[in-house]
Amino acid sequence: MQKIGVFVCWCGSNIAATVDVARVVAAAREVSGVVYAADYPYMCSEQGQDLVARAVREHGLNRLVVCACSPRMHEKTFRACAERNGINPYQVEIANIREQCAWILKDKDEATAKAIVLMKAAVAKALLDEPLAPGESPVTKRALVIGGGIAGIETALDIAEAGYPVDIVEKEPSIGGKMAQLDKTFPTLDCSACILTPKMVDAAQHPNIRILSYSEVEAVRGFVGQFEVDIRRKARSVRADLCSGCGICAAKCPSRQADSEFDAGLRKRGAIYIPFAQAIPKVPVIDRTQCLKFRTGKCGVCSVVCPNHCIDYEQKDEILTERYGVIVLATGFELLDLKRFGELGWGRSKDVITSLQLERLTNAGGPTEGRLVCPSTGREPKRVVLVSCVGSRDTTDRGKTYCSKICCMYNAKHAMYIREKYPDTDVTVFYIDVRTPGKGFDEFQRRAVEEYGVHYIRGLVGKVDVHRDGTLHLTAGDLNSGRQIEMEPDLIVLAAAVTPSPDARRIAGLVTASIDNDGFYVEAHPKLRPVESPTAGIFLSGMCQGPKDIPETVAQAGAAAVKAIGLLAKDKLLANPCTARCDEQRCSGCEICVQVCPYGAITAEDKTVVTLEGVRETRPVAVVNEALCQGCGACSAACPSGAMDLKGFTNREILAEVDALCW
């Protein structure tokens with residue numbers, strides 16, 4: 001006999017201010033199957049759980065219904081409480097009367113009526129809940145980090161230091177990411193390479209880390225603790241085991257038509273190239289779309305000059321299949337394509353550049369060896385304009401509505417070191433608002449104005465005209481004074497919005513991670529689980545989750561590593577018992593469930609079954625691998641014969657909830 005206890009939480013004033021808790025308790029006492037109902041200001045507290053424990057002992061409860069906040073918050077809490085008191089944790093139901101009632105309704109009667117209905121639906125399901133027991137699955141004690149920027153490197157080092165093997169998969173020929181392209185970092189103005197390069201070397205030399213550069217993840221199968229991943233190692237056309245990184249091949253390459261990705265298109269590179277001096281691994285790669293040997297079959301200079309005979313034109317892509325217990329996404333970011341911002345001069349003048357291009361121009365390893373020059377003339381600019389929020393905080397369809405978070409700070413950084421190296425150069429920053437929410441950030445930005453004499457104008461740049469002689473004419477509005485400003489700068493630098501990596505969406509599909517409307521990965525909970533994906537065993541590190549600066553990225557990388565280590569430290573994981581099951585008598589063998597299952601957990605196998613009509617026959621039926629099934633319910637929804645069901649959320653239980661909601 002089912003004996004249900006209903007417990008209604010006030011959640012302080014979150015619920016009680018809008019929902020009449022006493023009326024919900026009174027209504028619960030009238031529902032069939034409920035033998036006890038009570039309320040408490042904070043049901044999730046220790047005192048609240050003690051109340052539940054006493055009720056279980058005194059009234060012999062064997063099922064619980066908790067009317068409180070979202071099950072995402074405290075379902076685990078109340079399941080653990082039930083288990084401690086002898087109730088199967090999967091016979092606990094949560095009625096979400098905070099987010100679904102109190103927080104969205106203003107009228108108390110309306111909110112209370114809805115809370116009562118939700119409580120009744122939860123009771124109807126609890127009456128039919130079956131006891132479930134989780135299975136166990138082993139953990140592969142190895143981690144995969146997708147992305148080799150500072151976030152991926154830091155995550156990998158922390159996991160490796162804990163004693164677990166890590167593979168870093170990086171799509172570019174070298175690890176390092178965007179940070180490798182920077183000259184200095186804020187708010188300390190120290191050398192970016194001086195910070196990053198030792199980390200890259202540590203990763204390359206660590207016995208627990210394997211770097212798979214120039215590689216991409218192609219397929220992911222399995223589940224938390226038991227991921228099976230296919231990794232494509234693209235052909236470099238250079239044998240890494242023989243190469244010494246001398247660079248002779250790159251120096252002698254006659255084909256130099258490709259824009260250098262590392263130098264943001266400001267200079268050309270060879271068809272065979274090493275991205276930058278500190279690259280790891282320092283092994284060249286042949287761009288087959290640019291190589292004369294691959295295009296015409298008539299070159300081969302690199303093969304002739306290579307002292308170690310490393311060049312291998314016949315090299316093919318290689319597919320590695322590896323097993324991992326956890327996967328960390330550290331796919332980084334890109335800058336917004338500014339092709340739709342032609343009114344700012346983008347694409348019409350070489351002297352309108354992005355902030356990343358400015359980083360390369362001022363970097364000693366850049367195309368001008370650190371000399372700031374106008375790309376069109378090669379002369380030092382006397383007047384530089386920095387434009388904030390190009391594509392950020394933009395409500396039109398060409399930009400992004402969010403703040404890119406780092407632009408205000410790197411504009412101040414750029415302005416300061418331009419003024420420091422070229423004191424005669426006038427620097428003006430156009431901005432909407434100055435946002436500096438970090439330790440020492442506001443003081444840093446004020447230094448640009450107070451110590452370096454940078455002009456800050458709160459206003460929008462409306463138009464940049466490019467004259468026939470190549471000079472620039474800028475028109476802007478000063479929002480403080482209301483006047484129009486006209487200037488003729490030598491160099492305009494656009495602070496383009498940051499966007500997720502173009503690969504982020506593809507990888508999200510491979511690992512069944514969630515992404516938001518802007519393409520960033522969604523965390524499991526924005527406050528309590530900020531580095532975890534809703535998919536178990538998938539963790540988030542760095543810019544892939546949202547805009548952030550380097551210190552925040554490193555902090556999140558460490559947090560993701562700790563979460564991954566906590567999972568890898570376990571020998572076995574409890575498997576979700578809410579898995580699909582097939583009624584073989586009803587199954588028609590149509591295999592629709594096989595096609596819709598995103599985890600590959602269902603197969604069709606020939607079995608001898610007795611049909612509903614009593615006929616014994618051998619035919620294909622669906623078979624569920626419970627170790628792979630994640631309980632998404634796609635098969636149950638798609639099954640035309642009603643043979644597929646989901647333990648813990650059976651069709652019978654769901655329909656009972658619907659009936660309670662309707663009546």
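A: The account below begins with the helix α6 and then turns to its surroundings.

This is a predicted model, in which local features need pLDDT of at least 70, side-chain atom pairs count only at pLDDT 80 or more, and totals for chains, interfaces and linings use all residues. Residues are numbered from 1 along each chain as its sequence is written, and side-chain values use heavy atoms, with hydrogens and water left out.

Helix α6 covers residues 108-128, 21 residues in total. Helices (H or I, at least four residues) and strands (E, at least two) are DSSP runs, numbered from the N terminus. From its first C-alpha to its last, α6 reaches 31 Å, close to the 30 Å expected at 1.5 Å a residue; the expected span is 1.5 Å times one less than the number of residues. The N-terminal end of α6 is capped by Asp107, of which a side-chain oxygen lies 3.2 Å from the backbone nitrogen of Asp109.

Buried means under 20% relative accessible area, exposed over 50%, and partly exposed in between (1.4 Å probe, protein chains only).

Not counting residues up to four places away in sequence, Met119 touches Val6, Val24, Ala27, Ala28, Val31, Val65, Cys67 and Ala95; contact here means heavy atoms within 4.5 Å.

Strand β4 (residues 92-96) holds Glu93. Glu93 counts as buried because its relative accessible area is 11%. The side chain of Glu93 makes a polar contact of 2.9 Å with the side chain of Lys125. A polar contact is a pair of N or O atoms within 3.5 Å; within protein, one must be able to donate a hydrogen and the other to accept it, and residues adjacent in sequence count only if both atoms are side-chain atoms. Leaving aside neighbours within four places in sequence, Glu93 is in contact with Leu64, Val65, Val66, Ala122, Lys125, Ala126 and Asp129.

Another glutamate, Glu657, comes from helix α19 (residues 651-662). Glu657 counts as partly exposed because its relative accessibility is 22%. Apart from neighbours within four places in sequence, Glu657 is in contact with Ala121, Ala124 and Lys125. Glu657 and Met119 are 538 residues apart in sequence, and 9.8 Å apart in space, C-alpha to C-alpha.
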